[in-house]
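This report describes a single protein chain from its overall form down to selected residues. Please consult the sequence and the coordinates alongside the text.

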Amino acid sequence: SGGDANAVYVLAGGASQKHGLLASIQAAPTITSVSNAADIQSGIAMNTYLSVYGSDLAPVTRNWTNSDFSGTKLPTSLDGVSVTVNGIAAFVYYISAKQIDVLTPVDTTTGPVQVVVTDNGLVSNSMSVTMQTFSPAFFLLKDNISIAALHSNSSIVGATTLYPGLSTPAVSGETIGLYGNGFGQTNPAIASGTIVTASSPCVTTPTVTVGGAPAQVAYCGLVSAGLYQVNVTIPAGTPSGNNVVVISFGSVASNSNAMITVQ
């Protein structure tokens with residue numbers, strides 16, 4: 001593995017950059033939808049950032065900070081706001097009136113599970129969402145199409161206009177690190193809601209295509225809490241411009257809207 005995973009997560013806006021408004025009169029939270037937070041899709045998985053959308057979800061807008069952590073444990077509530085997934089406390093990264101982002105606990109359940117928000121004792125409706133073994137999705141940069149990715153020297157992969165002076169395209173034959181979510185179990189196993197101090201390889205090696213062509217996967221693993229890295233080699237002959245990248249774990253694949261710029 002390689003690269004500054006935490007820097008990539010910040011560049012990608014974490015799980016979200018959307019803000020809500022504080023209601024003048026407190027009401028019970030209402031959930032309208034739940035999705036994978038990296039690149040919106042309906043299925044979720046364990047150790048995956050998800051976004052809960054609705055109204056009156058939280059009294060303030062903020063991300064977690066260092067003071068919210070207890071030793072190596074991630075926070076399960078911020079300012080009295082908490083979320084359960086399948087009855088298990090999730091780890092709260094971001095809160096606002098209209099959106100909450102959480103990291104799901106380690107839970108191997110598959111099938112329909114319930115998501116519930118509690119805002120200082122006020123309990124939301126229960127929203128059903130499908131828990132899967134995998135929910136692969138790439139984190140996207142500010143243009144909402146470029147994958148959060150780094151060159152081997154930790155500089156940003158992207159068009160030169162994306163982050164002027166900081167981002168450059170990938171080239172054919174280069175191995176780059178792509179950052180995503182929902183890549184499943186690792187060996188050693190993931191510790192639920194704990195700060196990650198060393199990368200852990202994924203149990204299942206994915207397949208990756210770049211511009212429709214198979215790409216060699218050099219590494220896939222967990223590098224930070226809920227953040228996975230997959231190192232792939234850009235296939236020879238990949239055309240210049242934006243190329244769609246798809247990562248698949250068996251029959252479950254990421255959306256086909258995430259791209260890498262190649263020169």
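## Basis of the model

The model is predicted: local features need pLDDT of at least 70, side-chain atom pairs count only at pLDDT 80 or more, and totals for chains, interfaces and linings use all residues. Residues are numbered from 1 along each chain as its sequence is written, and side-chain values use heavy atoms, with hydrogens and water left out.

## Overall architecture

The protein contains 24 strands and 1 helix. These elements are DSSP runs numbered from the N terminus, with helices being H or I of at least four residues and strands being E of at least two. The radius of gyration is 18 Å, close to the 18 Å given by the globule rule for 263 residues, so the protein is as compact as a globular protein of that length. The radius is taken over C-alpha atoms, and the rule is 2.2 Å times the number of residues to the power 0.38. The C-alpha trace spans about 60 × 35 × 35 Å along its principal axes.

Contact here means heavy atoms within 4.5 Å. Among the contacts with a separation of 6 or more, 63% are made by residues 24 or more positions apart.

## Surface and charge

Of the 263 residues, 51% count as buried. The protein exposes about 10,800 Å², of which carbon and sulfur atoms supply 54%. Accessible areas come from the Shrake-Rupley method with a 1.4 Å probe, and for residues only the protein chains shown count as cover.

There are 5 positive and 10 negative charges, and their mean positions are 4 Å apart. Lys and Arg count as positive and Asp and Glu as negative, whereas His and the chain ends are not counted. Each charge is placed at NZ of Lys, CZ of Arg, CG of Asp or CD of Glu.

## Cysteines

A search of the whole structure finds 0 disulfides, a disulfide being a pair of cysteine sulfur atoms within 2.5 Å. Cys202 is in no disulfide, and its nearest cysteine sulfur, that of Cys220, is 3.2 Å away. Cys220 is likewise in no disulfide, with the sulfur of Cys202 as its nearest. Cys202 counts as buried at 10% relative accessibility, and Cys220 is buried with a relative accessible area of 8%.

## Backbone features in loops

A cis peptide bond joins Asn187 and Pro188, with omega at about 5 degrees. Pro188 lies in the loop between strand 17 (175-181) and strand 18 (200-201).

Positive phi values occur at two residues discussed here. Asp56, although not a glycine, has a positive phi of about 55 degrees; Asp56 belongs to the loop between strand 3 (49-55) and strand 4 (62-63) and is partly exposed at 23% relative accessibility. Ser154, also a residue other than glycine, has a positive phi near 75 degrees and sits in the loop between strand 14 (149-150) and strand 15 (156-157).

## Contacts across the sequence

Asp39 is located in the loop between strand 1 (30-36) and strand 2 (44-45) and is buried, with a relative accessible area of 9%. Asp39 and Ala137 are 98 residues apart along the chain, yet their C-alpha atoms are separated by 5.6 Å. Leaving aside neighbours within four places in sequence, Asp39 contacts Ala137, Phe138, Leu140, Asn255, Asn257 and Ala258.

Met259 lies in strand 24 (residues 259-262) and counts as partly exposed at 22% relative accessibility. Beyond neighbours within four places in sequence, Met259 is in contact with residues including Ile145, Ile147, Asn242 and Val245. The C-alpha atoms of Met259 and Thr133, 126 residues apart along the chain, are separated by 24 Å. Thr207, in strand 19 (residues 207-210), is exposed with a relative accessible area of 52%. With neighbours within four places in sequence set aside, Thr207 contacts Val246, Ile247 and Ser248. Thr207 and Ser135 are 72 residues apart in sequence and 14 Å apart in space, C-alpha to C-alpha.

How values were computed. Buried < 20%, exposed > 50% of the residue type's maximum accessible area, 1.4 Å probe, protein only.
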